[in-house]
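Biologist: I'd like to go through this model with you. Can we start with how the parts sit together?

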Amino acid sequence: MNLASSPVARSNVSLALRAWNIRRKALLMGQVQGQGYIGQALGIADVLAASYFHALEYRSEDPEWEGRDRFLLSIGHYAIALYAVLMEAGLLPEEELETYGMDDSRMPMSGMASYTPGMEITGGSLGHGLGIAVGMAMGLKRKSNKAFVYNLMSDGELGEGSTWEAAMSGAHHKLDNLICLVDFNNQQADGKSTEMLCSEPLTEKWQAFGWHAQRVDGNDLAAVVAAFDAARDLTQAKPRVIIFDTTMCKGVPFLESREITHFVRVDADEWDKALAVLEEGKPA
Amino acid sequence: MTLASMARKYEARKLPEGERQATSAMIASLAAEGYATVAAPFGQALIEAAQKDERIVGLTADLGKYTDLHVFANAMPDRFYQMGMAEQVLMSAAAGLAREGFMPFATTYAVFASRRAYDFIAMAIAEENLPVKIVCALPGLTTGYGPSHQATEDIAIFRGLPNMTIIDPCDADDILGMVPEMCAHQGPVYARLLRGKVPSVLRKHKPDYKFKLGKAQPIREGRDVLVISTGLMTMRALDAAVKLAEDKVDVAVLHCPTIKPLDLETIAAEASRGGRLVVTAENHTVVGGLGEAVAAGLLSRGIAPKFRMIGLPDQFLEAGALPTLHDMYGLSVDKVAQKIREWL
């Protein structure tokens, strides 16, 4: 098991509580704007908690520390979720939470590297992250730097040809320091990902591209942690992918049961209700 | 239901016997009569730069041999990445390497960089202002393979991209000079490339010529006409000027290898001097290239000389032999001289 070097990460706070805190912060940011990609943020919170409080090496006080594991957010609109975990990890001051998506904020609606400490790349033009991750993994090897590069991407990005160019490239160059995280929530702008451009059978596809592939329930923290450990501890000279099946809006049942869309509708009076529902499920 | 295709059809021009030439292979060097040549100046210059700067790495998308990067790859194999026929990851990975502190030189054909990989250059490289140096062969009309290989609008595409510096070198002297200046420049650069045996033209006309990034330089003085040119069209303009001198037409040539940022200070000073006919010349469509940039720059400064543009038409160009095509689309020495005579 790899422990993050941050004192925050080494604390006794459980991963479940970290995930809960991430969900809560994301909801608070959504409330500021009255909108946001809250469905995705709630769904990916467990994966982010395991990333920043179990898997990644980083220093809260020095977001550009050379030894850090790089975490790339290819899906720029998931920024609301990443800001939440960056605050939880002490990389972003929590006081800035209420500036989310406002003019002059360091936290724009779609993530950009130049704006936010801890945001490694500008995502949003989908299908970019994995290719950049390939180059960073090559660069780290050139520098004999043992850090990992993580790229968080969505199932929708599996439709981009550039993703598969990068996948072939990662395997060709034997990038065993590259770990791709796919959030499979089966939802994209126009409907279910599997009905837009089906990427199944997905595990086999990645394996055929030369990757070590795992597929787990992305809202089962124990399974998520085990998958991270397996990906990091693998000794084969190949890149690794973990496909996380996640549930949009996880943790807020009345939103989970709503007709789920890419940009989930939350009415003005529902933010407090969602926060209250979340509060009821607060882990010990 | 029967539906007919609405795609365009080629209509042969039916050239007379004796005027038909064979299309040359893409790997062929650009012919320029009367000039000495330098072999693979880009590859040589990159090796020299990389010996001094350990950050430099080279990447290509299956076009090492066709961009002279193979010379670098052979000399420094551990500094070279073959990315395969995958231009999107070529540019993304170059961005990733730059994020980790390296200075990647990424090569492909100009069509593939500007058309296929544009979004990756825009977002992963230019938006982040990363020092990725994109060096592309077959700029403008330098192949007879037709529109799939003719990058007639690459400059227009990249001119609209913030942070991007654009270089269109004329010859081996420019290429040898531009590589170290590209390294010294902080941000991304898009450079057009002539490969193989590249003529040395500028120093023949101006022995002390030295490429300076961002600077337009007078190569030849003249009282009647000022040609403001870039890339291989400076070569053509200089040869046309020699030809026109025989007819007592005195042509000045101002060479602008850096298209962006454009040296409008020098251009404006030259264009407002002596009431000369001002002609721009570029190996690129007349839409969005040097000509329009010069026109806008001059008008914005209240300078309005008699002004004409030489460049490629707003069309998908034909396939065929390069000399035939250069003549047909007005890039040959004879056609440049003829146009200038007509406009005087």
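Biologist: How far apart are the C-alpha centres of domain 1 and domain 2 of chain B?
Modeller: They lie 25 Å apart. This is a predicted model: local features need pLDDT of at least 70, side-chain atom pairs count only at pLDDT 80 or more, and totals for chains, interfaces and linings use all residues. Residues are numbered from 1 along each chain as its sequence is written, chains are lettered from A and ligands numbered from 1 in the order in which they are written, and side-chain values use heavy atoms, with hydrogens and water left out.

Biologist: Where are the domain bounds in chain B?
Modeller: Domain 1 is 37-199 and domain 2 is 214-343. The bounds come from an automatic or database domain assignment.

Biologist: How much area do the two domains bury between them?
Modeller: About 2,200 Å², 60% of it on carbon and sulfur atoms. Buried area is the accessible area (1.4 Å probe) that two parts lose on being put together, summed over both.

Biologist: Which residues of domain 1 of chain B lose the most area there?
Modeller: L141(B), R159(B) and C170(B), together 31% of what that side buries.

Biologist: Which element gives the most to the domain 1 side in chain B?
Modeller: α6(B), with five residues. Helices (H or I, at least four residues) and strands (E, at least two) are DSSP runs, numbered from the N terminus.

Biologist: Switching to the core. Which residues have the most contacts inside the largest nonpolar core?
Modeller: W206(A), M91(B), I121(B) and I134(B), in a core of 88 residues. Domains 1 and 2 of chain B both give residues to this core, so it lies between them. A nonpolar core is a set of buried Ala, Val, Leu, Ile, Met, Phe, Trp, Tyr and Cys residues joined through side-chain atoms within 4.5 Å. Buried means under 20% relative accessible area, exposed over 50%, partly exposed in between (1.4 Å probe, protein chains only).

Biologist: Back to charges. How many salt bridges over all chains?
Modeller: 33. In one, E128(B) pairs with R99(B), the closest N and O atoms being 2.4 Å apart. E128(B) is in the loop between α5 (118-126) and β5 (133-137), and R99(B) is in helix α3 (residues 87-99), 29 residues apart.

Biologist: Are those two buried or partly exposed?
Modeller: E128(B) is buried at 17% relative accessible area. R99(B) is partly exposed at 26%.

Biologist: What does R192(B) pair with?
Modeller: D168(B), in a salt bridge of 3.0 Å, N to O. R192(B) sits in strand β7 (residues 189-193), and D168(B) in the loop between β6 (165-167) and α7 (172-184). Both R192(B) and D168(B) are buried.

Note on methods. A salt bridge is a side-chain nitrogen of Lys or Arg within 4 Å of a carboxyl oxygen of Asp or Glu.
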